[in-house]
Amino acid sequence: MAELFKDVYCPAFYEQFSGVLIKVLPDFDSIKFNQMIFNERFADYELKQRMHHTAEVLDHFMPEDFSSAVVTLKRIIDELRGQGIKERSIEYMCLPDYIETYGLDYYDSAVDCFEYVTQYTSCEFAVRPFIIRYPAKMLVQLQAWTTHESRHVRRLASEGSRPRLPWAMALPAFKKDPTPLLPILTALKYDDCEVVRRSVANNLNDIAKDNSNVVVHVATLWLGDNALTDKLVKHACRTLLKQAQPEIMALFGFQQDLITLTEMSITTPVVKVGGKLTFNFTIDNTSGSPQKLRLEYGLYYLKKNGTLARKVFKITERVIAGNTEEQITRHQSFKVISTRVFHLGMHKLAIIINGQESKISTEKEALYSFELTS
């Protein structure tokens, strides 16, 4: 059985963490610490619950005064580094959680601590309540972080301010109006660290989900600047490309109707759960010149209420030569996974060429059916 993500918080982790805390906290009691950690509810806690629970238990051993606790947190980070301990995953994000939980009323001390701690373990989750409570001050701080010598701090400026950061609380003000973020993202678009530039792209992709016009404008301004920025813009526009947003498709040179679907067949019209769907199709660049090709397929999963929900899967993106025909075979797994529930019955499939669900000229529609059975 595969290890669950929440199991980064396991006995081995707490043994390691205790070995650090005992060096930093004079009165630290590792037996009491572990008893408090492994309470009767611990096994049922999910990842974020275990993270927060660890911060709450840690507080029992920390100085009561938050400014003193900040000094202790920095010493914990120093001890972790001194022992050569690096994160295996995100387990030490319990330390930013501590700042979030106990430092929200102590802005200056907390922000100073974020800057130090995020260079060891990301504070992207923990900084968000501060952005919500102190919007004007935090915008100034985020902008200041864009010029910090540490790439981790620069990344915090963009990653921490993402309107829709996964697993984190949303930032409703930026979902409504993301324009205050643009000076921060602009300041980082030429960053010499790819991880920082990718964070900028992720922030823009978040913005695209609520304010596509803003990202269309930014993409139009930034595309063609240089190769690295072009890569950033492409990643930032991935949701809009999946949605086949017309201005973005045109900006990246994906023309419709020049590449056609000439054959389509599902070779496994009945698929058992645990098996795989197999389908074949042929595309033809009917123009005499090379064309940019973005090839995807849309799988319309049957939902519990009988409706269909499309999920798009990318096949390729490249240039196809003029007057060229290509045959393609693809497989889609229906192996049981924890993140999707399969419902038995008729599902549908569509081939998507440059953002457009394509049909053969003799067909009435672009959707092809297959049955999922037990």
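**Entry 1: H3 against H5**

The angle is about 70°, and the axes of H3 and helix H5 (residues 94-102) lie 8 Å apart. For the record, axes are lines fitted to C-alpha atoms, for helices over the stretch in contact, and angles run from 0 to 180 degrees between N-to-C directions. I noted that H3 and H5 cross in a right-handed way; a crossing is right-handed if the near helix is turned clockwise from the far one by less than a right angle, and left-handed if anticlockwise.

Next I listed who touches whom, with contact meaning heavy atoms within 4.5 Å. From H3 come Met51, His52, Thr54, Ala55, Glu56, Leu58 and Asp59, and from H5 come Cys94, Leu95, Asp97, Tyr98, Thr101 and Tyr102. Sorted by class, that contact holds seven nonpolar, three polar and three charged residues (Ala, Val, Leu, Ile, Met, Phe, Trp, Tyr, Cys and Pro count as nonpolar, Asp, Glu, Lys and Arg as charged, and the others, Gly among them, as polar).

A note on provenance: this is a predicted model, in which local features need pLDDT of at least 70 and side-chain atom pairs count only at pLDDT 80 or more, while totals for chains, interfaces and linings use all residues. Residues are numbered from 1 along each chain as its sequence is written, and side-chain values use heavy atoms, with hydrogens and water left out.

**Entry 2: H1 against H3**

I then turned to helix H1 (residues 11-24) and helix H3 (residues 47-59), which pack at about 30° with axes 14 Å apart. H1 and H3 are therefore roughly parallel to each other. Their crossing is right-handed. Tyr14, Phe17 and Leu21 of H1 make the contact with Arg50, Thr54 and Leu58 of H3. I count by class four nonpolar residues, one polar and one charged.

**Entry 3: the open sheet**

I looked up a sheet of three strands, open, antiparallel and ordered S1-S3-S6. Helices (H or I, at least four residues) and strands (E, at least two) are DSSP runs, numbered from the N terminus, and two strands pair if DSSP finds at least two bridges between them. Strand S1 (259-266) and strand S6 (324-333) are the edges, each pairing on one side only. From one strand to the next the twist averages 20°.

S3 (residues 276-285) is joined to S6 by ten bridges, and S1 to S3 by seven. Among the pairs I checked, Ile283 faces Glu326 in S6, Asn285 faces Thr324 in S6, and Ser265 has Asn280 in S3 as its bridge partner. Eight of the ten residues of S3 are buried (under 20% relative accessible area; exposed is over 50%, partly exposed in between, with a 1.4 Å probe and protein chains only).

**Entry 4: Ala126**

Where does Ala126 sit? I found Ala126 in the loop between helix H6 (107-117) and helix H7 (128-133). Ala126 counts as buried because its relative accessibility is 1%. Leaving aside neighbours within four places in sequence, Ala126 is in contact with Pro96, Asp97, Glu100 and Phe114. Its C-alpha atom is 7.1 Å from that of Ile99, 27 residues away along the chain.

**Entry 5: the whole chain**

To finish, I looked up the totals: 16 helices and nine strands, with 49% of the 374 residues buried.

Conventions:
Angles under 35 degrees count as roughly parallel, over 145 as roughly antiparallel, 65 to 115 as roughly perpendicular and the rest as oblique.
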